[in-house]
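Trainee: I am new to this one. Please pick a single part and take me through it closely, then link it to its surroundings.

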Amino acid sequence: WESLHHAGPLLLLAIVLLAGSLFGALARRIRLPGITGQIIGGVLIGRAGLDLFSEESIAGLEPMTEIALGLIAVTVGAHLHVGRLSNAVRRLFYLLLAESTITPLLVFGAAYWIGGASLELALLFGAVSIATAPATIVALVRETRSKGVFVKTLIAAVALNNTACIVVFEVCRALISSDFSLGSDALFDPNGAVGQLLGPTLLGAVAALTLDRVTRIALAPERLATAAVIALVLTTGLATAIGISPMLACLVLGAVQTNITHSRTHLVDSVFDHFEPAILTVFFTLAGLHLSFQHFESAGLSCV
């Protein structure tokens, strides 16, 4: 039991995959989404359940979570094809406008006036509330094999509101760190809002352009797969290393790549198709594994 508690990354990864796959299959048997079962499986073996693994062991799988988030961001960004969304511009604009104004204002008001949070914390809560969980949307669309206008609009809306969330959050963070000064130090500092937004955008765009050049040469499927995985992991790793948003960088990678080439379906739906289910299984099982009820009482309404 002690050796299991301090399991190495490979053993822990195997158990996480096994638990997620088993409980995901059981959930689908009773007509529930597979991700529900994966999260429950993670809860049962995690802190809120049997508490099988130490914090150190769980931390060893953090790179898997980062890769999963990068893959999800690339997949979501790949649905931002300008040509395919030309007839959905109006409804996407109204959705983005509502999600970027009404939702954060309501959350800010609830956190500041009802929850008693500080002004700074309430602002950040409001900014974060703009985002929609892309992992859940991608996993459910994939599992149900849904297609059509609604799905196209949904995933595009998720990409846009997550981008808006990152933009608003970085602006709020820059203003808070500079005591709400609107000077150039707040916004145009390398660590300010513009730097934190321009950096991931440039990184994702360069990665997409490089990947496009490689795919014109590497026509064999295994080479395409290798190039796509390198682009994903390198973009995520570089963004993390230099302290910018890997999610935004990967989202830009997917969006630029899908608009400069006709091979979006091949790269996203075929290249990533083979290993995406396993990565998503690890992601959602780890999400359940990290769940702790320790702070529910003190967090109160914020948890809901």
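Mentor: Start with Arg-145, which counts as exposed because its relative accessibility is 73% (exposed is over 50%, buried under 20%, partly exposed in between, with a 1.4 Å probe and protein chains only). This is a predicted model: local features need pLDDT of at least 70, side-chain atom pairs count only at pLDDT 80 or more, and totals for chains, interfaces and linings use all residues. Residues are numbered from 1 along each chain as its sequence is written, and side-chain values use heavy atoms, leaving out hydrogens and water.

Arg-145 sits in the loop between helix H8 (134-144) and helix H9 (149-177) (helices are DSSP runs of H or I, at least four residues, numbered from the N terminus). Its phi is near 55°. That is a positive value in a residue other than glycine.

Now turn to Arg-31. It lies in the loop between H2 and H3. Phi of Arg-31 is near 65°, again positive and again not in a glycine. Arg-31 has 78% relative accessibility, so it counts as exposed.

Look at both neighbours of that loop. H3 (residues 34-45) has the highest mean pLDDT among the chain's elements, 91 (pLDDT is the predictor's confidence in each residue, from 0 to 100). Helix H10 (residues 184-187) has the lowest, 52. The chain averages 81.

H2 (residues 9-29) packs on helix H15 (residues 276-290) at about 95°, with axes 9 Å apart. H2 is therefore roughly perpendicular to H15 (65 to 115 degrees). Leu-13 and Gly-20 of H2 are among the contact residues, as are Ala-278 and Leu-289 of H15 (contact means heavy atoms within 4.5 Å).

Note on methods: Axes are lines fitted to C-alpha atoms, for helices over the stretch in contact, and angles run from 0 to 180 degrees between N-to-C directions. Helices (H or I, at least four residues) and strands (E, at least two) are DSSP runs, numbered from the N terminus. Angles under 35 degrees count as roughly parallel, over 145 as roughly antiparallel, 65 to 115 as roughly perpendicular and the rest as oblique.
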